[in-house]
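Thanks for coming. Please have a look at it first.

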Amino acid sequence: MAPKKKSTTQAKPQVPDRGPVPVTLLSGFLGAGKTTLLEHILKNREGLRCAVIVNDMAEINIDASLVKGTHLLQTQEKMVELHNGCICCTLREDLLVELRKLALSNKFDIIVIESTGIAEPMQVAETFFMDLKDGRGLLNQCARLDNCVTVVDGSTFFDLLKSVESVTEKYAPPSSEGSAETTALVPDEDDRNISHLLVDQVEFANVVILNKMDLLQKDPEKLHHTLSTIRTLNPTAKIVTAVKSQVELTDILFTENFTETYAFKAKGWMHDLNSGEKHNPETLEYGISSFVYRHSKPFHPKRVYDFMVRYFLLQEISEPTEEDVQRAAEADEARPNGEPHDEELARKRSREEEEEEQRERQRVLSENQSRAATRLEEIGNVFRSKGYVWIGSPARLGSFGEWNQAGHLLSLSVGGGWGMFPETAAKIRDDMKFIEKAPCQEIVFIGQGLKKDCITQALDACVLRDDEATELTCVMEAAGDGAKTLLHFGDPFEPWTMEDVDGDGGEWEDVEDDDDV
């Protein structure tokens, strides 16, 4: 099924009867074409009363200035500028307040939000289910999220998907030569990975606009590969192709695309994990497929660690320990009053240190090229995997690890106890619900030319053998209560320091189950 093409005339969106004001959220990476899309909406809205919220990380809202410069906003219409922060985190409460104010004014048919290029749409969507405990109820009682639209720059999609850089490294490199304008695009020390952020934006979309088709059409193979990859990451989203963000407004306004149910199922990996459904066979034309790896026994910590670092750049995410917090507090106290932390670091960073950082970046890039070649040869082009892992070290048995890989980077973090497993249908709500889940391995792999048997065999080899399971049981019995902090089998992972992990969630009797995957 080909993506929907645009007609030369614009169909007029139908304004629904009164109720909560519909809101369209525009997401997408820096430079993908969100502001151009917003201008297109304003040029072709044909009498719709439209309020606009434009978010910018910088102290000066450049996107808002560009829209104002087009003179497309009428005197009765309103633009709200939220800047010097991001609406998916630091400005979330500000967004809620402004949305409620606009909705309750009864002056607008629709509200369009242009988020900053580094915003996570799921975090913005959560705003509609937040309660400020001020007696005024949830936002969705007066303003409802109607459509999540992600704009993708087709010409750079795979470059970003393969990136190992953090947001700060890509858009605010630590260099004395960097301009203030570039540095202002992102907050300091934003260590989110570029490829993960891109995948998050695609997976949560109701509509994906594949933009800059004039560039993509010069390379048909790249075009087909891009379309197939997006379909695989988000099989339920509508894909609309565009040049200079020119799309039918009926695809993005008054759609009623967004529902809580859709949000819970929108992520491509979760779609496979929960439903067992297969992706559209057309993806097989380009060698793109997916499968779920499952096993009922824990992984040997050292062997699964070796698997991870053989094929990916491993990033471990853990809560700071009390010692980390204490050291940070002592460092803050030792810092002279009145001197901003970042300015002090910038003054102290010598040219030699910057050159060393550049050499380190080149080393990482070289290693990742080598990993990519090994990955492609041995297990196929895995560009997305996500799931839950059970690691056979005494201190980790009662908790699940969250496996999250996009492109070259694989992050691993503690998710909580198996007795407090997050219920899929509650993830977007503040009132998080939990279920009890039997410890296991569940990882979805998505990629091109996947070597399923090789991946399965390699991960099966990481599972504890019977003699190792017996050994671990004896070690735990001898350690008693000390087993909760004990690492075994040369466990190379960083300690998991969550204090609220449910220690009773992983019953060791499960280790004695059969070997079937």
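Let me start with Thr226, which touches Phe157, Phe158, Leu210 and Leu216, leaving aside residues up to four places away in sequence; contact here means heavy atoms within 4.5 Å. Before going on, a word on the source: this is a predicted model, where local features need pLDDT of at least 70, side-chain atom pairs count only at pLDDT 80 or more, and totals for chains, interfaces and linings use all residues. Residues are numbered from 1 along each chain as its sequence is written, and side-chain values use heavy atoms, with hydrogens and water left out.

Back to Thr226. C-alpha to C-alpha, Thr226 and Phe157 are 7.5 Å apart in space, and 69 residues apart in sequence. Thr226 has 0% relative accessibility, so it counts as buried. Buried means under 20% relative accessible area, exposed means over 50%, and partly exposed is in between, with a 1.4 Å probe and protein chains only.

Thr226 lies in helix α10. Helices are DSSP runs of H or I with at least four residues, strands are runs of E with at least two, and both are numbered from the N terminus. The protein chain has 18 helices and 15 strands. Of its 517 residues, 50% are buried. Among contacts between residues at least 6 apart in sequence, 80% join residues at least 24 apart.

Now the sheet that α10 sits on. Helix α10 (residues 220-233) lies across β8, β10 (381-389) and β15, and runs at about 35° to β8. For such angles, axes are lines fitted to C-alpha atoms, for helices over the stretch in contact, and the angles run from 0 to 180 degrees between N-to-C directions. Helix α13 also packs on the sheet, touching β9, β11 and β12, and its direction makes about 125° with that of β9.

In what order do the 6 strands of this open sheet run? The order is β8-β15-β10-β11-β12-β9, with mixed pairing. Two strands pair if DSSP finds at least two bridges between them. β8 (288-295) and β9 (313-317) are at the edges with a single partner strand each, so one side of each has no neighbour in the sheet. From one strand to the next, the twist averages 20°. β8 pairs with β15 (residues 441-448) in the antiparallel sense, over 8 bridges; within that pairing, Ser289 has Gly447 of β15 as its bridge partner.

Next, helix α17 (residues 452-460). Its buried residues are Ile455, Thr456 and Leu459. They cover an arc of only 95° around the axis, which puts them on the same side of α17; the arc is that of the directions from the helix axis to the C-beta atoms. As a reminder, an α-helix has 3.6 residues a turn, so residues three or four places apart point the same way. The buried residues of α17 pack against β8, α13, β10 and β15. On the face turned away from that buried side are the exposed residues Asp453 and Gln457.

On to the aromatics. Rings of Phe, Tyr and Trp (its six-membered ring) pair if their centres lie within 6.5 Å; planes under 30 degrees apart are stacked, over 60 edge-to-face, and the rest tilted. That rule gives 10 aromatic pairs. One of these is the tilted pair of Phe307 and Trp403, at 6.3 Å centre to centre with 40° between the planes. Phe307 is in helix α13 (residues 301-311) and Trp403 in strand β11 (residues 399-406), so the pair ties together parts 96 residues apart in sequence. Phe307 and Trp403 are both buried. Another pair is Phe400 with Trp418: the centres are 5.4 Å apart and the planes at 55°, so it is tilted. Ring pairs also link Phe291, Phe307, Tyr311, Trp403 and Phe445 into a cluster.

Last, strand β4. Why is β4 (residues 110-114) largely enclosed by the rest of the structure? Because 5 of its 5 residues are buried. Strand β1 (residues 21-28) runs parallel to β4, joined by 4 bridges, and Thr24 has Val112 as its bridge partner.
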